[in-house]
Amino acid sequence: MSGIVIVTGAAGGIGRTVSLALADAGFTVVAADIAAPDDVEGASLSVRVDVTDPESTRELAAAALEAFGRIDGLVNNAAHYTSIVKSPFEEIEVAEWDRCFAVNVRGSWLCAVAVAPAMRAQRRGKIVNVSSMTVPTAPPGFAHYVASKAAIIGLTRALARELGESGVCVNTLTPDYIAFDRDYDNRQPEMAPMLTAGRCFKREATADDLVGTLLYLLGPGSDFVTGQNVWVNAGRGFS
């Protein structure tokens, strides 16, 4: 496989893992993050970006085009989660609600807006928006996060409709919970065994579990697939 792919939220967690995997698969990776992503292994270009800011996202797309001349893929992975304030819905601060939507929804939209002109000109491109298994399971205390990730699924379908005539595929990748921040996980020790019990495969999910599906969604095998939500969750929640 080959192509120029931007990955947001690339400095850690899922973004870091998939950036390395995409590079190993032959893609040229543009690692983008609000934290300096200079040490992302395998990345051909690292760009600091604030996905909530229109100018910053335009500069990200411009940097990729200046360096490589095209943009073939975008993985909208940047998210507000591990620093989220867990609260009953009626106690969520307005600023916290807005921050969640600014990063998770506005950020994905702005990055898509930034790369769309290049993809339209090429008559080809792949955008993958990352949602969450919290949408169907709706865990208490996360109404702002759940709502923002539900919005991602709707955004995907809207973008797929508008970009389809330009040959651009837009899909959602929905992973199950993946543990990266052990301090965060240790504050809710009941989560891991509860999640594992609901899966057909009785083990923790890892970011590596997403790689095969992401390669498919970015590669030529998915050229007739758009507007879809692809679950990577070991069958959790289907019964």
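Let me start with a definition: a residue is buried if its relative accessible area is under 20%, exposed if over 50%, and partly exposed in between, using a 1.4 Å probe and protein chains only. With that in hand, look at helix α8, residues 208-218, where Leu210, Val211, Thr213, Leu214, Leu215, Leu217 and Leu218 are buried. Helices here are DSSP runs of H or I with at least four residues, strands are runs of E with at least two, and both are numbered from the N terminus.

Before going on, a word on the source: this is a predicted model, in which local features need pLDDT of at least 70 and side-chain atom pairs count only at pLDDT 80 or more, while totals for chains, interfaces and linings use all residues. Residues are numbered from 1 along each chain as its sequence is written, and side-chain values use heavy atoms, with hydrogens and water left out.

So, the overview. The protein chain has eight helices and seven strands. Of its 239 residues, 50% are buried. When I say contact, I mean heavy atoms within 4.5 Å. Among contacts with a separation of 6 or more, 70% come from residues 24 or more positions apart.

Now to the sheet. It is open, with seven strands in the order β3-β2-β1-β4-β5-β6-β7, and the pairing is parallel. Two strands pair if DSSP finds at least two bridges between them. β3 (45-48) and β7 (229-232) stand at the edges with a single partner strand each, so one side of each has no neighbour in the sheet. From one strand to the next, the twist averages 20°. For angles like this, axes are lines fitted to C-alpha atoms, for helices over the stretch in contact, and angles run from 0 to 180 degrees between N-to-C directions.

Let's stay with β1, residues 4-8. On one side, three bridges join β1 to the parallel strand β4, residues 73-76, and Ile6 has Leu74 as its bridge partner there. β1 is also joined to β2 by five bridges, again running parallel, and in β2 the residue opposite Ile6 is Val30. How much of β1 is buried? Five of its five residues are, so β1 is largely enclosed by the rest of the structure. Ile4, Ile6 and Thr8 point one way, Val5 and Val7 the other way, and all are buried.

What packs on this sheet? Helix α1, residues 13-24, does, touching β1, β2 (28-33) and β6 (168-175), and its direction makes about 165° with that of β1. Helix α3, residues 94-122, lies across β1, β4, β5 (125-130) and β6, and runs at about 180° to β4.

On to the helix pairs. Two packed helices are described by the angle between their axes and the distance between the axes. For α3 and α5 (residues 143-163), the angle is about 15° and the axes are 9 Å apart. That makes α3 roughly parallel to α5; the cut-offs are under 35 degrees for roughly parallel, over 145 for roughly antiparallel, 65 to 115 for roughly perpendicular, and oblique for the rest. Their crossing is right-handed, meaning that the near helix is turned clockwise from the far one by less than a right angle, with anticlockwise being left-handed. The meeting residues include Trp97, Phe101 and Trp109 in α3, and Tyr145, Ile152 and Leu155 in α5. By class, the residues of this contact divide into 15 nonpolar, four polar and four charged. Here Ala, Val, Leu, Ile, Met, Phe, Trp, Tyr, Cys and Pro count as nonpolar, Asp, Glu, Lys and Arg as charged, and the others, Gly among them, as polar.

And back to α8, as promised. Its buried residues are covered by elements including β1, α1, β4, β5, β6 and β7. α1 and α8 pack at about 55°, with axes 10 Å apart, and are therefore oblique to each other. This crossing is right-handed too. Ile14, Thr17, Val18, Ala21 and Leu22 in α1 meet Asp208, Leu210, Val211, Leu214, Leu215 and Leu218 in α8. That contact has nine nonpolar, one polar and one charged residues.

Last, two backbone details. Most residues other than glycine have a negative phi, and most peptide bonds are trans. Arg123, not a glycine, has a positive phi of about 65°; its place is in the loop between α3 and β5, and at 52% relative accessibility Arg123 counts as exposed. Ala138 has a positive phi near 50°. Ala138 sits in the loop between α4 (134-137) and α5, and counts as partly exposed at 44% relative accessibility. Thanks, everyone!
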